Amino acid sequence: MDWSVLWSNRDLYASGLWSTALLSAAAIAACTLLGLVIAAIRTSRIPVLAQFARCYLEIFRGTPLLVQMLFIYFGAAYLGIGNISVFGAALLALTLFQGAYVAEIFRSGIEAVPRGQWEAARVLGLSRVQTFGTVILPQTRAIVLPPLVGQYLSLVKDTSIAVVIGYAELLREGQAIVDRDGHPGMAYLAIAVLYFVICSPLSVVVRRMERKAVTA
């Protein structure tokens, strides 16, 4: 095993790591916001909006992320949307796909709050929006954080699918190294280690949250 291959390609690994981290951070922020909005719609008493949210969940949880990403990247031009960047397509696909799962996590947390909390807030004169933001959401935090962080772990690993549309994330850079220098075992082992470096802190957070939930 030629370990010098890793050092000589450190710039490519660093570039791929940065691209993966950037896409992951952007997608986590976007899917969290989208999931929260969809969860709020689903738990609302507006039938039309709730049905729209349900359709969104069925579509994006019922089709593979790979297909969604290819459709967004290559299908945009056919729909008259115009060209979309590789990063934009990957971000949009990850946001829509993961947002559907995040929405269900938030919905479960919201519905776990006793209904009496809504009624008590109404007695105090709070609007539904105020109640949701200041009374309900704070109580869902402990419920949703462990599964939410677990979903973020899945998202980070799903960024590797962006290789199919040419996004220069870790796997793409690893393939370039293999094509140029060979040593696929070394190259892909290094990629696995780098993904572990990204995901390991999140895994620790999940385990600590689960222990706290058990002892609480």
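Modeller: A residue is called buried when its relative accessible area is under 20%, exposed when it is over 50%, and partly exposed in between (1.4 Å probe, protein chains only). The model is a predicted one, in which local features need pLDDT of at least 70, side-chain atom pairs count only at pLDDT 80 or more, and totals for chains, interfaces and linings use all residues. Residues are numbered from 1 along each chain as its sequence is written, and side-chain values use heavy atoms, with hydrogens and water left out.

Biologist: Is Ser19 buried or exposed?

Modeller: Ser19 is found in helix 2, where helices (H or I, at least four residues) and strands (E, at least two) are DSSP runs, numbered from the N terminus. Not counting residues up to four places away in sequence, Ser19 touches Tyr167, Ala168 and Glu169, a contact being heavy atoms within 4.5 Å. Its relative accessible area is 13%, so Ser19 counts as buried.

Biologist: What percentage of the 216 residues in the chain is buried?

Modeller: The C-alpha atoms fill a box of roughly 70 × 50 × 25 Å along the principal axes. The chain exposes about 11800 Å², and carbon and sulfur atoms supply 67% of that area, as found by the Shrake-Rupley method with a 1.4 Å probe, in which only the protein chains shown count as cover for residues. Among the 216 residues, the buried share is 39%.

Biologist: Which helices do the buried residues of helix 4 pack against?

Modeller: Helix 4 covers residues 65-75, and its buried residues are Leu65, Gln68, Met69, Ile72 and Gly75. These residues pack against helix 3 (47-61), helix 5 and helix 7 (128-158).

Biologist: Which residues are linked in a network of salt bridges?

Modeller: A search of the whole structure finds three salt bridges. Besides its link with Arg42, Glu104 is bridged to Arg107 at 3.0 Å, and these two are three residues apart in helix 5, so about one helical turn separates them. Arg107, which is buried at 18%, also meets Glu111 in a bridge of 2.9 Å, N to O, and that pair lies four residues apart in helix 5, about one turn of the helix. The network links Arg42, Glu104, Arg107 and Glu111.

Biologist: How many disulfides does the structure hold?

Modeller: A disulfide is a pair of cysteine sulfur atoms within 2.5 Å. The sulfur of Cys199 is 14 Å from the closest cysteine sulfur, that of Cys31, which is too far for a bond. Both residues are buried, Cys31 at 1% relative accessibility and Cys199 at 9%. The number of disulfides in the structure is zero.

Biologist: How far apart are the mean positions of the positive and negative charges, and what is that distance in Å?

Modeller: Lys and Arg count as positive and Asp and Glu as negative, while His and the chain ends are not counted; each charge is placed at NZ of Lys, CZ of Arg, CG of Asp or CD of Glu. The chain has 17 positive and 12 negative charges, and the distance between their mean positions is 14 Å.

Conventions. Salt bridge = Lys/Arg side-chain N within 4 Å of Asp/Glu carboxyl O.
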